[in-house]
Amino acid sequence: MGASPPVGDLRTGGSAAPGVEADVELLDVTKRFGSVVAVDRLTLRIARGAFYSLLGPSGCGKTTTLRMIAGFEDPTSGEVRIGGRSVDGVPPYRRNVNTVFQHYALFPHMDVGRNVGYGLRQRGITGAEERRRVTEALELVRLRGYEHRRAWELSGGQQQRVALARALINRPTVLLLDEPLGALDLKLRREMQLELKSLQTQVGITFVYVTHDQEEAITMSDRIVVMHDGRVLQEGSPAELYNEPRSRYVAGFLGQSNFIAGRVVEGGPSLAIATPGGLRVLARRPVGLEAPAAGAEVTVAIRPERIRLLGAAGEGAAAEANALVGRVTHATYLGDQVEHRVQVDGVGEIVARAMAPETMDAGESATPRFAPGDQVIATWQRAAALVLTE
Ligand code: ATP
């Protein structure tokens with residue numbers, strides 16, 4: 001894919017910087033199907049040129065949201081705007097939006113070139129201009145020279161690339177993608193994630209991407225909205241959502257987390273939490289949230305990679321804050337990492353993950369490896385522990 005001039009033709013122009021200008025807006029949108037509330041008072045602002053993902057478990061309302069942007073469904077209440085204008089009553093084909101689905105649905109009786117050029121011919125663009133733009137679009141998805149191949153001669157990944165070229169050929173301002181990599185195997189999916197991201201950067205079109213796969217969303221997105229039961233739980237950049245989750249759900253949905261229940265015994269900036277078993281834990285509030293007051297019931301969330309394990313508990317270690325004495329129940333070799341599970345009385349199981357000792361270069365401090373039955377201290381920095389009230 002080089003930055004040849006024809007490729008530049010597909011740019012929408014204007015700034016692609018997220019946060020500059022809203023390209024797609026949903027304002028207090030609700031969608032009901034009979035008694036089911038699929039989308040519940042959803043407000044989203046998607047910046048022009050952003051790679052924006054709707055992430056959540058099956059049934060949380062992602063596809064319904066996408067279909068309302070596309071115009072396949074009408075909101076029960078609220079408003080959808082594209083390019084600053086309400087699209088109430090505007091049919092899908094007049095929205096300057098295109099959709100790529102999980103199942104590529106290429107026309108089987110047409111070759112690749114005719115599949116890709118379909119949208120152009122619908123608009124009366126044929127002949128040399130059609131061929132030129134089909135070549136451009138195929139170049140963009142790295143399938144130059146495939147014009148005369150049949151859809152069934154292509155691999156799943158290639159078919160999905162053809163579907164992308166077909167969706168991009170009319171230069172939509174917004175491309176909607178509904179789990180487009182869901183039918184591909186893991187290795188191909190990873191490759192396509194990188195390709196999709198660089199394709200999006202190259203064309204500068206706003207991508208709204210639906211997925212239930214957190215890794216996929218983190219890899220590709222400028223911004224992610226985490227949805228649950230038709231509502232927004234949290235919206236932010238991948239790093240914000242990973243490092244500053246505001247709820248237990250988000251902390252557990254993006255990556256893995258250890259959760260320790262307790263009660264705040266010292267409020268304010270120096271948050272201290274007591275567990276029911278009388279252990280003391282130091283933590284911080286997520287950025288942008290108020291610290292809970294003393295007495296509040298909270299959950300402390302700590303990522304497994306932020307937990308360090310130390311050998312053989314020293315005298316009085318259990319009395320220290322952020323030092324939980326426990327016994328290793330499982331030690332699992334994961335190739336590049338080692339995962340230990342530690343049973344801590346009164347707290348439960350703590351998962352700790354660290355780079356495997358074999359991956360360390362000479363001179364680096366290697367992570368000790370423990371065996372089931374070993375007594376260890378699980379410890380972490382205060383900044384690594386977040387206090388969550390939801
Ligand atoms: P998935 O990842 O499984 O596609 P999703 O997050 O995209 O899930 P939606 O397909 O938007 O979720 O569905 C949200 C809710 O609305 C679900 O409870 C679903 O059963 C319901 N729903 C969606 N479409 C319809 C419909 N046409 N008629 C009735 N209920 C519907």
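Let's start at the ligand: the residues around it are Phe33, Val36, Ala38, Pro57, Ser58, Gly59, Cys60, Gly61, Lys62, Thr63 and Thr64. Keep in mind that this is a predicted model.

Which elements each supply at least two residues of that shell? They are β2 (36-47) and α2 (62-70). Of the elements, α2 gives the most, with 3 residues.

| Residue | Atom on the protein side | Distance to a ligand oxygen atom |
|---|---|---|
| Cys60 | polar backbone atom | 3.0 Å |
| Lys62 | N or O atom in the side chain | 3.0 Å |
| Thr63 | polar side-chain atom | 2.7 Å |

So much for single atoms; now the ligand's surface. On its own the ligand exposes 630 Å², and the protein buries 58% of that.

Now zoom out to the whole protein chain. You'll find 9 helices and 20 strands in it, and its C-alpha trace spans about 85 × 50 × 35 Å along the principal axes. Of the 390 residues in the chain, 47% are buried. If you look at contacts with a separation of 6 or more, 68% of them are between residues 24 or more positions apart.

How values were computed. Residues are numbered from 1 along each chain as its sequence is written. This is a predicted model: local features need pLDDT of at least 70, side-chain atom pairs count only at pLDDT 80 or more; totals for chains, interfaces and linings use all residues. Side-chain values use heavy atoms; hydrogens and water are left out. Helices (H or I, at least four residues) and strands (E, at least two) are DSSP runs, numbered from the N terminus. Buried means under 20% relative accessible area, exposed over 50%, partly exposed in between (1.4 Å probe, protein chains only). Contact means heavy atoms within 4.5 Å. A residue is near a molecule or strand if one of its heavy atoms lies within 4 Å of it. A polar contact is a pair of N or O atoms within 3.5 Å; within protein, one must be able to donate a hydrogen and the other to accept it, and residues adjacent in sequence count only if both atoms are side-chain atoms. Accessible areas come from the Shrake-Rupley method with a 1.4 Å probe; for residues, only the protein chains shown count as cover.
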